[in-house]
Amino acid sequence: MGDLHHSGSRERETRALEEVLLSPVPLLGSGVVLDELMGALGHALGAAGVALVSAALPPESAVLAAAGAGGDDRAALAREARAIVAAAGAPGDARRLGPAGGLRAVPLADGRTVLCTPVPGVREAALVVLPDGAGLEDVSRLTVALAAERAGAALELGRLRADLDRAMAQILESDERMLGRIGLDIHDGPTQHLSVALLELQLLEADLDDARSRGVELPPALMPALERIYETLGGALTEMRELIGHLRPAQFEDRRLTDILSDAVTGFEARSGSRVEFDAHGEFPVNGVSVTQRITFYRILQEALNNAHRHGRARVVRVALTESEGGISLDVRDDGVGFDAEGALRPRTGAPIARFGLHGMRDRASVLGGAFAVTSAPGEGTHVHVFLPRWRPADAVTGLPA
Ligand SMILES: Nc1ncnc2c1ncn2[C@@H]1O[C@H](COP(=O)(O)OP(=O)(O)OP(=O)(O)O)[C@@H](O)[C@H]1O
Ligand SMILES: [Mg+2]
């Protein structure tokens, strides 16, 4: 009888462990995943509720994730988060699964007793189990420890993602500053010189015309040659101005993605004489799209528009920005000459991310976990598609300071 009972609880424990193990991998520390992990743990334990609390945050955000816990439970846990975390002990204790380690019973002010355990790798956080009527005896320490371990990994990934976000933003922003400086240098240096040279040439032509009207004989090839030089210099000046327009840094902080992109469209229309239809579907709130994503969409749009004009000789370009549950898509379709997109995108290694061009667009999208595709064929126009996954500020995900 004792054996039977023993094997029954072993089986239950195994099932509970499996349930927690099968809960989603805490990829990128997303808050949704933490909630799912809490749900799996609560179900596996048959607990009334499960929560992850932090003592490092103010009460309104002290409950990082929870399942089964009602509003009153959450409020009680938030109020007593510090006491709970202190009672849970040091993270190292969580690995000890014997009767003395792992789970601690903590009485709440409302008279209930909860079980808690520290979260490995994350100071000032604890995993809390609200037992149901059956009491505290039956809770599987191993399952709770496993869930705490996974919650710790998810929070740690969230912190790493926040670091990565910050580093990426710094790199892209310093890229932007550098591009802006190059644009200014080109504007103040070679562009000015070219303008002066064009002016000199015009004066020279006028002088020569004068001389000719006074009967001075000029070599017949002289005037056509001057005309060709004039055109070449004029072409170079136009290209320089386009380049400067491309390098001009946009204001990315505190501006909505739609405003930033519609500036890019307006600038492009003015420079190229092409027509662009720009449609945006969605809210694109400033705090829902990271600066890194805004810079990325802006640069990719600029490059796609430039390519449509320079290579495709497109007359009309349609740009669509669409927000969905999973993220944001940008689609740029031109009615130009098209090209062999597969050939142009064949793998190539060692290209830096700051580079323009199709590979640059793809690299920029991929470092942000997004997708990029170009579809085109000679004579059929070109469609550039970029998708970046939904972004949430990392501290809204983990709730923990870096
Ligand atoms: N919209 C388009 N229409 C027609 N051809 C295109 C289009 N986009 C790209 N291409 C073709 O693909 C090639 C590669 O484009 P990509 O943007 O990578 O380089 P690039 O524009 O030539 O140079 P960079 O962008 O580095 O200044 C182009 O040279 C062009 O032949
Ligand atoms: Mg290009």
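This is a predicted model: local features need pLDDT of at least 70, side-chain atom pairs count only at pLDDT 80 or more; totals for chains, interfaces and linings use all residues.
A polar contact is a pair of N or O atoms within 3.5 Å; within protein, one must be able to donate a hydrogen and the other to accept it, and residues adjacent in sequence count only if both atoms are side-chain atoms.

Residues are numbered from 1 along each chain as its sequence is written, chains are lettered from A and ligands numbered from 1 in the order in which they are written, and side-chain values use heavy atoms, with hydrogens and water left out.

**The whole chain**

Display the protein chain as a cartoon: there are twelve helices and ten strands. These are DSSP runs numbered from the N terminus, with helices being H or I of at least four residues and strands being E of at least two. Of the 402 residues, 43% are buried, where buried means under 20% relative accessible area, exposed over 50%, and partly exposed in between (1.4 Å probe, protein chains only).

**Ligand 1**

Next, select ligand 1 and the 13 residues around it, of which E303, N307, H311, D334 and L358 come nearest. A residue belongs to this shell if one of its heavy atoms lies within 4 Å of the ligand. At L358 a polar backbone atom takes part, at 2.8 Å from an oxygen atom of the ligand. Which helix gives the most to the shell around ligand 1? It is α9, with four residues.

**The largest nonpolar core**

Now select L301, L305, L330 and V332, which have the most contacts inside the largest nonpolar core, a set of 39 residues. Such a core consists of buried Ala, Val, Leu, Ile, Met, Phe, Trp, Tyr and Cys residues joined through side-chain atoms within 4.5 Å. The elements giving two or more residues to this core include α5 (141-188), α8 (257-272), α9 (291-310) and β8 (327-334). Here too α9 gives the most, with nine residues. Centre the view on L305: leaving aside residues up to four places away in sequence, L305 touches A264, V265, F268, V276, V317, V319 and V332. A contact of this kind means heavy atoms within 4.5 Å. A second, separate core of 29 residues includes A16, M38, V50 and A154. In soluble globular proteins, nonpolar side chains tend to be buried together.

**Helix α3**

Move to α3 (residues 71-79), where D73, A76, L77 and A78 are buried. Among the elements that cover these buried residues are β1 (49-54), β2 (63-67), α4 (81-88) and β5 (125-130).

**Two loop residues**

Finish with two loops. Select D254, between α7 (222-247) and α8; its phi is near 60°, a positive value in a residue other than glycine. Is D254 buried or exposed? D254 counts as exposed because its relative accessibility is 65%. Then select F284, in the loop between β6 (275-281) and α9. Phi of F284 is near 50°, again positive in a residue other than glycine. F284 has 0% relative accessibility and therefore counts as buried.
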